[in-house]
Amino acid sequence: VLGASWAAGLRADRQLRASLLQQARVVAASICPDQVAALTGTSADLGSASYVHFKERLAGIRAALPNCRFAYLMARRPDGTVVFLVDNEPDDSPDCSPPGQIYTNATAQLRSVLAEGRATLEGPHEDPWGTWISALVPVGVFDRGRPVLLGLDVDAHRWKWIAASKAAVPAGLGAIAIALGLLAAELYASRRAMRARQAELEASESRYAELAEQSRTIVWEVDSQGLY
């Protein structure tokens with residue numbers, strides 16, 4: 001049962017990771033490179049048409065993906081610094097990352113996306129906002145000289161519950177299958193034992209009949225009135 005639960009949990013985790021990465025790919029493919037190129041990654045972006053567009057767009061993505069906590073665009077400056085361009089949070093939110101904010105917790109995987117342009121899914125990893133499973137996908141402006149990525153973050157604790165809930169049904173079915181298998185094995189063993197016992201009784205009866213036929217002993221019964 002434990003083995004079935006463990007296997008179901010791994011399978012659910014892989015499926016969730018593949019799904020999140022695919023969702024990020026679809027969103028990244030729909031982003032207009034010209035609008036991203038208009039972002040400077042500085043406070044000058046605040047209120048600009050491109051900035052407002054992506055604020056609304058990322059907020060909509062976050063609403064459409066209820067398990068996603070943060071959706072954002074990041075860029076790498078020529079000196080290698082990783083900064084936020086825009087995220088889904090309102091500008092007055094304490095969780096908002098304003099344009100140009102340096103992301104000091106950039107992992108090797110995140111930097112590799114910005115360096116090589118290959119999508120990846122990382123985590124669990126920690127930063128000042130929490131512990132996350134993150135889909136990181138390069139956007140269309142990657143070939144224009146400034147690496148940019150789209151990130152989608154799912155809370156790692158929530159992720160565990162989602163994976164557990166998805167694994168519960170197959171794990172339960174696996175446990176039932178194991179239980180039925182054990183029951184079938186027990187019934188089979190019981191039937192074999194009954195057949196063996198029946199064979200012993202038949203052999204014993206046969207030996208008794210054979211001895212009775214060869215014996216000269218007279219056997220009779222007397223009832224309560226003394227009659228034969």
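Asp 13 is partly exposed, with a relative accessible area of 22%; buried stands for under 20%, exposed for over 50% and partly exposed for values in between (1.4 Å probe, protein chains only). The model is a predicted one, in which local features need pLDDT of at least 70 and side-chain atom pairs count only at pLDDT 80 or more, while totals for chains, interfaces and linings use all residues. Residues are numbered from 1 along each chain as its sequence is written, and side-chain values use heavy atoms, leaving out hydrogens and water.

Asp 13 forms a salt bridge with Arg 17, with 2.8 Å between the closest N and O atoms. A salt bridge is a side-chain nitrogen of Lys or Arg within 4 Å of a carboxyl oxygen of Asp or Glu, and the structure holds five. Both residues lie in helix α1, four residues apart, about one turn of the helix. Helices (H or I, at least four residues) and strands (E, at least two) are DSSP runs, numbered from the N terminus.

A salt bridge also joins the side chains of Asp 91 and Lys 55 (3.5 Å, N to O). This pair links distant parts of the chain, with Asp 91 in the loop between β2 and α4 and Lys 55 in helix α3, 36 residues apart. Lys 55 is buried, at a relative accessible area of 10%. Glu 89 and Arg 69 meet through their side chains in another salt bridge (2.9 Å, N to O). Here Glu 89 belongs to the loop between β2 and α4 and Arg 69 to strand β1, 20 residues apart. Glu 89 is buried, with a relative accessible area of 8%, whereas Arg 69 is partly exposed, at 23%.

Five strands form an open sheet in the order β2-β1-β5-β4-β3, with antiparallel pairing; two strands pair if DSSP finds at least two bridges between them. β2 and β3 (120-127) stand at the edges with a single partner strand each, so one side of each has no neighbour in the sheet. Seven bridges join β1 to β5, and Ala 71 has Leu 152 as its bridge partner in β5.

The largest nonpolar core has 35 residues, and Leu 73, Val 86, Val 139 and Leu 152 have the most contacts inside it. Such a core is a set of buried Ala, Val, Leu, Ile, Met, Phe, Trp, Tyr and Cys residues joined through side-chain atoms within 4.5 Å. α1 gives the most to this core, with seven residues.
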